[in-house]
Amino acid sequence: MAVTVQEAKVTWKRLPLSSNYAAAYAVKDLDVDVIAAYPITPQTTVVEKIAEFIANGELNAEMIHVESEHSALSATIAASAAGARAFTATASQGLELMHEILHIASGLRLPVVMSIATRALSAPISIWNDYSDLMNTRDTSWITLIASSAQEVYDSIVQAYRIAEDPEVMLPVMVAYDGYLMSHTYEPVLVPEDNKPILDYAPKNYNRIKLDPERPISMGTLTGPEWYYEFKYQQVVAMKKALEKARKADEEFKARFGRGYGLIETFNVEDADVVIVAYGGLYGTVIEAIEPLVEKGVKVGAMRLRLWRPFPVEDVKKALGNAKLVTVIDKAISYGARIAGPVALEVMSSFYHDEAKPMIMSVIAGIGQRRITEDTIREIVDYSFKVLGRGRAPEESLYWGVRGVRYE
Amino acid sequence: MRFEIRWHGRGGQGAVTAAMILAEAAIFEGKYAQAFPEFGAERRGAPVRAYTRVSDKPILTRAPITRPDVVVVLDSSLPKELYLAGLKEGGLILVNTKKTAGEFAESTGIDTSKYRLYTVDATRIALEILGVPIVNTAMVGALVKVLPIVSLENVEKAIMETFPGRLGEKNVKAVRAAYEAVAAESVVAR
């Protein structure tokens with residue numbers, strides 16, 4: 001797809017920011033009108049920073065302090081329905097408490113954007129990272145991006161409003177990243193001196209159907225069996241469109257600002273027998289783990305899933321089509337499923353209709369932030385080659401690194 | 001060249017902030033850096049770990065540092081097994097203690113033919129200048145003296161960004177005092 005946008009003249013500041021702060025900077029630069037949030041670890045510093053921007057006069061927005069996440073998203077939805085550019089942020093139990101409202105945001109076709117510092121779920125209580133919270137939102141009709149650096153968190157939230165407010169999409173967007181492992185990690189991030197180029201890229205769409213006392217409408221009314229299905233099918237169609245819109249948003253972002261990510265990212269997949277698939281911050285660890293192996297001539301590569309919903313089937317198939325074995329590392333468990341990794345399941349179903357396809361192995365790791373080092377990744381790579389030699393992938397997910405379980 | 005630094009302290013001493021200030025200073029210097037804490041259920045007195053990576057090239061990994069080049073020990077009462085774990089041979093140890101490096105090596109049995117050991121009395125500096133035993137900024141000052149990967153100027157800038165105003169100025173004083181003291185008080189036992 002040709003992108004003909006001129007490169008924007010932007011003066012960037014290079015700041016040490018956590019992913020949480022990067023999210024707050026994006027909200028400021030996007031001139032968001034209304035933020036409603038309830039504090040929850042490890043998300044809290046996103047809204048604390050936004051509150052600071054509002055207090056300093058750097059952002060002219062309404063901050064609504066609510067009594068729960070259920071109310072936080074409800075207030076965000078109300079603001080968005082009234083035409084405002086609205087934002088919220090949460091994690092873990094907070095995202096679970098929002099669950100019913102997630103469907104309302106997408107069903108009302110409101111371009112809300114939310115950042116998620118992903119975290120494990122109770123019980124038992126864990127404040128640490130995994131992706132159980134995010135994966136539970138899979139079927140809520142939210143467009144979902146998973147970032148792997150603080151810079152990408154900033155850039156993705158900018159792209160998120162562009163996608164969400166597109167008249168042909170009009171769906172909410174989540175931008176997720178690892179709680180703690182990214183939310184509290186300081187690293188260099190480029191933010192613009194002046195936010196005008198950001199708003200030129202993602203101008204506010206006030207020209208949409210909204211609640212307006214001059215022209216009253218109702219939203220989300222009782223809808224009988226004669227029409228409900230059509231509303232839901234429209235969401236299906238909008239989600240399909242969102243895939244190319246997300247691609248285009250990223251391409252145009254790259255053309256303007258010089259940074260782009262694609263819907264997926266790959267490393268050495270052309271030349272690899274084994275490809276490791278990961279998402280979020282783990283991808284960087286995977287790359288540093290396999291780089292020395294590739295230098296030694298080991299035929300291993302990696303792929304990162306950036307767009308989780310809508311799922312970029314064709315991109316994934318193209319990236320993984322040359323591999324003999326694909327090992328998908330999931331940081332969430334779908335309990336009771338033989339293949340319990342949500343992304344592994346999706347990768348498998350992408351290839352179902354093809355005659356020639358790679359073996360696909362599902363590995364669960366990093367649950368409740370169980371430590372994953374480069375050594376862990378290299379053990380998984382070694383095991384993948386073992387499986388490749390045997391010529392048959394395990395039919396069940398492997399639970400890597402859990403006590404009392406070993407794979408021969 | 002990448003340096004991997006692991007900070008060991010107890011809750012309340014500011015190890016997490018120290019890790020962050022060093023990374024901020026490196027970023028101000030135009031380098032790549034990453035700082036993150038190893039979160040536990042934080043409470044005062046409990047052992048705390050934090051990490052800083054500094055490099056000329058982008059840093060992709062987010063794994064905790066298990067084979068550090070440098071360990072900084074904010075509390076000398078921590079068991080040495082905790083902070084020596086995985087330290088590279090020839091690695092650097094910087095300890096907050098009243099003892100000289102020679103005395104500290106003798107009392108703990110740290111093998112100074114394997115590691116470079118430095119000591120600084122950061123608690124005294126913190127008490128004198130800040131009035132509280134929060135030694136993080138002093139330890140950053142001492143570290144950049146013995147491991148000059150970032151300039152003192154950028155450390156001071158990072159501190160002023162983290163603690164604006166008078167508190168920042170006091171911490172800058174602590175940094176400078178420790179920067180001077182570490183050389184005077186330590187014995188490079190190799």
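Between chain B and chain A, about 2100 Å² of area is buried, and carbon and sulfur atoms give 56% of that. Keep in mind that this is a predicted model.

On the side of chain B, the residues that lose the most area to chain A are B:I27, B:F39 and B:R62; together they make up 35% of what that side buries. In terms of contacts, 27 residues of chain B meet 27 residues of chain A.

Which elements of chain B give two or more residues to the side that touches chain A? They are α1 (15–28), β2 (32–38) and β3 (47–55) of chain B. The largest share, seven residues, comes from β2(B). By type, the residues on that side of chain B are 15 nonpolar, five polar and seven charged.

On to chain A. Seven of its strands form an open sheet with mixed pairing, in the order β3-β2-β4-β5-β7-β6-β12. β3 (62–65) and β12 (307–309) of chain A are the edge strands, each pairing on one side only. Neighbouring strands are turned by 20° against each other on average, direction ignored.

Last, helix α1 of chain A, residues 19–29, lies across β2, β4, β5 and β7 of chain A, and runs at about 155° to β7(A).

Methods: Residues numbered from 1 in each chain as written. Chains lettered and ligands numbered in written order. Predicted model: local features only at pLDDT ≥ 70, side-chain atom pairs only at ≥ 80, totals over all residues. Heavy atoms only, no water. Contact = heavy atoms within 4.5 Å. Buried area = accessible area lost by both parts, 1.4 Å probe. Helix = DSSP H or I, 4+ residues; strand = E, 2+ residues; numbered from the N terminus. Nonpolar A, V, L, I, M, F, W, Y, C, P; charged D, E, K, R; others polar. Pairing = 2+ DSSP bridges. Axes fitted to C-alpha atoms, helices over the stretch in contact; angles between N-to-C directions.
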